[in-house]
Amino acid sequence: MSKRITPFASRYCSTLDRLKEAIRRKRPGLLRTGVVLQHDNATPHSANLTQQWLQRYGWKILPHPAHSPDLAPSDFHLFGPLKRHLGGMAFETENDLISELRNWFDNLDVDFFRVGINSLLSR
């Protein structure tokens, strides 16, 4: 098991806490019968802290292979350019990041998503 530590892992575990609470309120039997979660190998998902959280509550992980054909088109077309755009940037606050994201989306070429969807046909 990886010993990676990431600041996003604690945030992801907080998200899992909220999910667990929502399941407890809305579908209490599910927590007794077992939760199967699907997520990818992103660092917060595979971090030691997250793995400990999953073991503590007995949640199982459904494998999700990289480059799976059932991934959202955004996994192929959106996140690469967004990652390149944000590369090397640092943000003082979460609001600064949100502002930059809104600016990036607002300035996308009108054909950006059409081109991305059409490129899936050749994959």
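Reply: Happy to; we can start with the whole chain and then go through the labels one at a time. Please keep in mind that this is a predicted model.

Me: What makes up the secondary structure of the protein chain?

Reply: The chain has eight helices and two strands. Along the sequence they are arranged as α-α-β-α-α-β-α-α-α-α. Of its 123 residues, 24% count as buried. Among contacts between residues at least 6 apart in sequence, 63% join residues at least 24 apart.

Me: Why is Trp53 called buried?

Reply: Buried means under 20% relative accessible area. Trp53 has 2%, so the label applies. Trp53 is one of the buried residues of helix 4 (residues 48-57), together with Asn48, Thr50 and Leu54. What covers them includes helix 1, strand 1, helix 3 and strand 2.

Me: And why is Tyr57 called partly exposed?

Reply: The partly exposed range runs between the buried limit of 20% and the exposed limit of 50%. Tyr57 has a relative accessible area of 34%, so it belongs in that range. Just after helix 4 comes Gly58, with a positive phi of about 70 degrees.

Me: How many aromatic pairs are there in the whole structure, and why is the pair of Trp53 and Tyr57 called tilted?

Reply: The search finds five aromatic pairs. For Trp53 and Tyr57, the ring centres are 4.5 Å apart and the planes are at 50 degrees. As background, an α-helix has 3.6 residues a turn, so residues three or four places apart point the same way.

Me: What makes Phe112 and Phe113 an edge-to-face pair?

Reply: Their ring centres are 5.0 Å apart, and their planes are at 90 degrees. Phe112 is buried at 13%, whereas Phe113 is partly exposed at 44%. Both belong to a cluster linked by ring pairs, which also takes in Trp104 and Phe105.

Me: Which residues make up the largest nonpolar core?

Reply: This core has nine residues: Tyr12, Cys13, Leu16, Ile23, Val35, Leu37, Trp53, Leu54 and Trp59. Helix 1 and helix 4 are the elements that give two or more residues to this core, and helix 1 gives the most, with four. Ile23, one of the core residues, has contacts beyond its neighbours within four places in sequence, namely Pro28, Leu30, Leu31, Val35 and Trp59. Apart from this core lies another, of five residues, including Leu82, Trp104, Leu108 and Phe112.

Me: How do you know that Glu100 has no salt bridge?

Reply: A salt bridge needs a side-chain nitrogen of Lys or Arg within 4 Å of a carboxyl oxygen of Asp or Glu. For Glu100, the nearest side chain of opposite charge is Arg102, at 12 Å. That is over the limit, so no salt bridge is assigned. Glu100 is in helix 7 (residues 94-106) and is buried. Leaving aside neighbours within four places in sequence, Glu100 is in contact with His85, Leu86, Met89 and Phe91.

Methods: Residues numbered from 1 in each chain as written. Predicted model: local features only at pLDDT ≥ 70, side-chain atom pairs only at ≥ 80, totals over all residues. Heavy atoms only, no water. Buried < 20%, exposed > 50% of the residue type's maximum accessible area, 1.4 Å probe, protein only. Lys, Arg positive; Asp, Glu negative; His and termini not counted. Contact = heavy atoms within 4.5 Å. Phe/Tyr/Trp six-rings, centres within 6.5 Å; stacked < 30°, edge-to-face > 60°. Core = buried A, V, L, I, M, F, W, Y, C linked by side-chain atoms within 4.5 Å.
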